Structure formats: C-alpha cells, structure tokens
Amino acid sequence: MTEERELVRVEDISFSYDLVPVLEGVSFSILQGDFLAILGPNGSGKTTLVKVILGLLQPVRGTIRLMGKPTEEFRDWSKVGYVPQKATHIDPFFPASVKEVVAMAFSSLKKTSSLRKRDKEMSITAALEGVGMEAFRDWPIGNLSGGQQQRVFIARAIVNSPEILFLDEPTTGVDAATQEHFYEMLHLLNQDKKITIILVTHDIGIVNKHVNKVACLNQKLAYHGSHEDFCQSEAFKALAGGGHLVSHAH
Amino acid sequence: METLFGYGFLQRALLAGVFVAIACAILGLFLLLRRDAMIGHGLAHVTFGGVALGLFLNILPLAVALLVAVLASWAIMILKEKAGLHGDTAIGIFSSAGMALGILLATLAGRFNVDLLTYLFGDILAIEAIEVWLSVGLAAAVAIVILTNYHKLMYLTFDRDAAKASGIKTKRLDLLLATLTSVTVVLGMKVVGILLVTALLVIPAAAGLQRAASFKQALWISSAVAFFSVVLGLGAAFVYDLPASASIVLLSFIFFVIFFLFRRKKTA
C-alpha cells in the first residue's frame, strides 16, 4: 500500500483573541484525497483553525506546514482554494460579473506560470461547468441566489486546479434541496478531480454521507479520525447530545 | 468646439483635467467599493495644510502637499490598524489637523491668502506647462499602476480574506492604494481645488456603479463620465464665464443623476 501524501500538518496550534483562548494544542494531519469535516459547536474555533492554516491569523504557539513548507514560506497558493464564510464577505452590489469573480483567482498564479488569455477563458469555462454555472458567466454576481453565488465562489476556488479546497460553512442560508446538489458536487470534486476537501460545517448529514474523515473541535481537538469511528465516539455523543449539530435530510 | 479648444491655456487645462479626472475615476471605484470614499475628502484637507506649509517655507507647494498627503495616508492606515479606530475616525483626526495647520500657517504668514484660495477652489485655466506635464505623467502612472494590479485590487476589494488566502500581499496593496490616493488628491487639487476634489474621486465612480453589470463596465462608464465632465465643464466655463471647477463638478453630478435614473436593476 502506498503512503498517502501529507498536504497539511497542524502541530500543537494555540490561538487567542485578546487573551481569550480559542484553540489549544491542536495537532492533526490532512492527507491527499481526504474529505475532512471539521465539526464543533459555535465558538469552538473551527473558522479560526482554517484561518490559521491559511496564514490569515497568526497562532500564539505551534506550527503549520502546507505541502511540506511552513505557511510563511509557502508560495504555491494557486494549489490552495478557499471559500470563506458567506455572511462575512459578500457585497451584493459589487459590480462584478460571474466571469470576473472566477478570474480573480488568477492573481495567485506565479508570474512565471501566467496563463495566456485564451487558456484563462478555457479554465473559467471548465470551472463554471464543473459547478453548473456556465450559463450565468456574464451575470452580475449580485443577481444570483445565495446557492448560485456559493457555486461561483467554488468555481473561483477550483479554477487553478488546486490540490486542496477549504470551505467554511458553505451552505449557510442555502435551502435543503440546493444543499444536496452542492454536496454531491463536492463529492465529485473529491472523487473525480482528486481534490482534497476540508469542510467546516454544523451539518451531521454531510458527515454521514460524503466525508471520510472528521475533526471534532471544541477549543481542543476532541476527535480526529475516520467517519465510521467518529459515529461511535464519545466526541460524537457529546456533540449530538448537546444539540450542537443539525441534520438535513440527505 | 474646435475653435474653442484652440486656445493654449484651454488645451493645457483640458489635457491635465482629462488625465487627472480619469485617474481619479478609476481609483475612486476601488475606494467606493472599499467604503473608503471619504479618505479623499480627508486627504484633501491634509493637502490644505501641506500647501500652506509649502507657501510658508517658500518651497514648491505642490511637492510639499504631495509629501504631506502621502505621509498622512500612511498614518491613517497605521492608526486604523494599530489603534483599532474606524477609518472615518482616523480620517477625521488627520483632516482636522491638516486644516488647522493650514489656517495657522496662513494666519502667521499673513501674506499668501490669495494663493491659498486658488488651491482651495482650483484654477485649472491658469495651469502652467510644467504642471500640465507633471499632472499628465503622474495621472498616467496612477492609472497604469492600478490597471497592472487590476485583478489583485479587485480581489482584495471584493473578498479580502479569500484574496489574502490566495497569496496576495494585502497590506502592500493597501499601502499602494493609500499612496495613489494621496497623489491623485494632490493632482485633483489643481483641477477642481481642495474643496471639490472628493467629487472627482466619488461622483464619476458612483455614476459607473449605477449602470455597470461588470467591473470592466464600471471602469469604462466612470472614465467616460470623468472625461465628458471635464471637456464639457471647461467648455461651459469658457463660453459662459463660469468657474471651471464648479462647472466640472456640477456636470459630473448631472451625469450621476442621469445614471441613477437609468440604473441597473439589482435583485439583492
């Protein structure tokens, strides 16, 4: 059996907001091909952990290695896709077309590997087709529904063919039927395009159906391992018993 | 119109005005979308202090104003980040201090009130050849820097976290934008004066945002509004003997109203 490549290593990470601890001694690895759900109650540090991994926040202790390199030395950002939490980052009146939103991701390409205009157009088309949004490429982003916007943001996150994709609560405010399509699409990206996916979610339904690994967080890492073992774990019982998770019909 | 713009002083005014107004419109689009529209207003007040300092020291006022405005824009950025102040508070502190410095120096010197007035209200029809080339050169440089960083600036403006996570040096771009804003405000001061320079940064860009369905469209519309406001404003000022700065600004306001009335429908 070949050893799976380690894409992310989180080592003993601690983080505080104004001396209030949010993460304490968190350590785990993300391997190539993982579809990992990061679960936990509100305020458990899920979003903070993702931001620390991506270098958006500096930990007070510990180290992160992305594809073998410390975050501060990592330069291959086109290999990393990120869809932030929806509520915090969308201006519905921003005058950008769907195509322009997806094209923003080309900023992360190194100058030496800059694509030509035609190649960029083809990449945009492929990314939009991948999320079922090609027909909307000239639409203003503000004219789309919440679910459609999220698809566009995923297209932006995958347009450079990343190896790893981080999504922070991507289905917030999206209806249940659209959520199901959305998770199916993520499943295909993971299975067919071999993109490693890290999903911050409250939704236990997604855990049951699509993910193969779970990281359960409540300031400290309460569980990290396979989905099957998680369902039998004390962390699962504590989380489900506390009413911290929701389950949509998947 | 051809005869009208046959006059040398009008040609100079037109050349400088068009370049500066278009640079303002392009930059203004980013500022508006970052909800930083008032930074232009604040820096204009700081520029007043800079001009007064230049006149007081008898050094080229434009150069001193440029230096003071750039330093103030950096200080506003630092204050926002380090002191945890909202942008408008940091702008308010520096704009008041700049204005106070200007008043103080003007009173102490007691001799350059007339010069200072031309900076307050603008005097583009009296612009000199050297100032024209300085304005055209700097305005072109501002536009080129913005357009070469177009995708990065758009990404940063639209979604700061995602932009940062894609490896964009966000602080470096913030600094670049602040510096470019200072340069444009100082240039705009020659066209419409300190009191009206915010108009060049805000109104054409706001007009563009009313109709545009894409960022590219917004850039084109804003630039077109800036261009026609300067050309028609200068023409009207000359023909009807009106103040050029007020004519330019009021024309851009009329364009804004027209674009507002025919704005694009938004569902959100």
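How many residues does the contact take from chain B and from chain A? The contact takes 24 residues from chain B and 24 residues from chain A, two residues being in contact if their C-beta atoms, placed from the backbone, lie within 7 Å. This is a predicted model, in which local features need pLDDT of at least 70 and side-chain atom pairs count only at pLDDT 80 or more, while totals for chains, interfaces and linings use all residues. Residues are numbered from 1 along each chain as its sequence is written, and chains are lettered from A and ligands numbered from 1 in the order in which they are written.

**The side of chain B that touches chain A**

- Helix 7 (150-158), helix 8 (160-165) and helix 11 (215-240) of chain B each supply at least two residues of this side, where helices (H or I, at least four residues) and strands (E, at least two) are DSSP runs numbered from the N terminus.
- Helix 7 of chain B gives the largest share, 5 residues.
- By kind, the residues of this side are 13 nonpolar, 6 polar and 5 charged; Ala, Val, Leu, Ile, Met, Phe, Trp, Tyr, Cys and Pro count as nonpolar, Asp, Glu, Lys and Arg as charged, and the others, Gly among them, as polar.

**Two helices of chain B**

- The axes of helix 6 (residues 129-148) and helix 9 (residues 170-192) of chain B come within 10 Å and cross at roughly 145°, with axes fitted to C-alpha atoms, for helices over the stretch in contact, and angles running from 0 to 180 degrees between N-to-C directions.
- Among the residues that make this contact are B:Leu138 and B:Val142 of helix 6 of chain B, and B:Val183 and B:Leu187 of helix 9 of chain B.
- The residues of the contact between helix 6 and helix 9 of chain B divide into 8 nonpolar, 2 polar and 2 charged.

**The sheet of chain A**

- In chain A, 4 strands form an open antiparallel sheet in the order 2-1-4-5, two strands being paired if DSSP finds at least two bridges between them.
- Strand 2 (20-31) and strand 5 (69-70) of chain A stand at the edges with a single partner strand each, so one side of each has no neighbour in the sheet.
- Helix 1 (residues 46-53) of chain A packs on the sheet and touches strand 1, strand 2 and strand 4 of chain A.

**B:Leu200**

- B:Leu200, which lies in helix 10 (residues 197-211) of chain B, counts as buried because it has 33 C-beta neighbours inside 10 Å, the cut-off for buried being 20 or more other C-beta atoms within 10 Å, with C-beta atoms placed from the backbone.

Definitions and conventions. A residue is buried if 20 or more other C-beta atoms lie within 10 Å of its own, exposed if 12 or fewer, and partly exposed in between; C-beta atoms are placed from the backbone.
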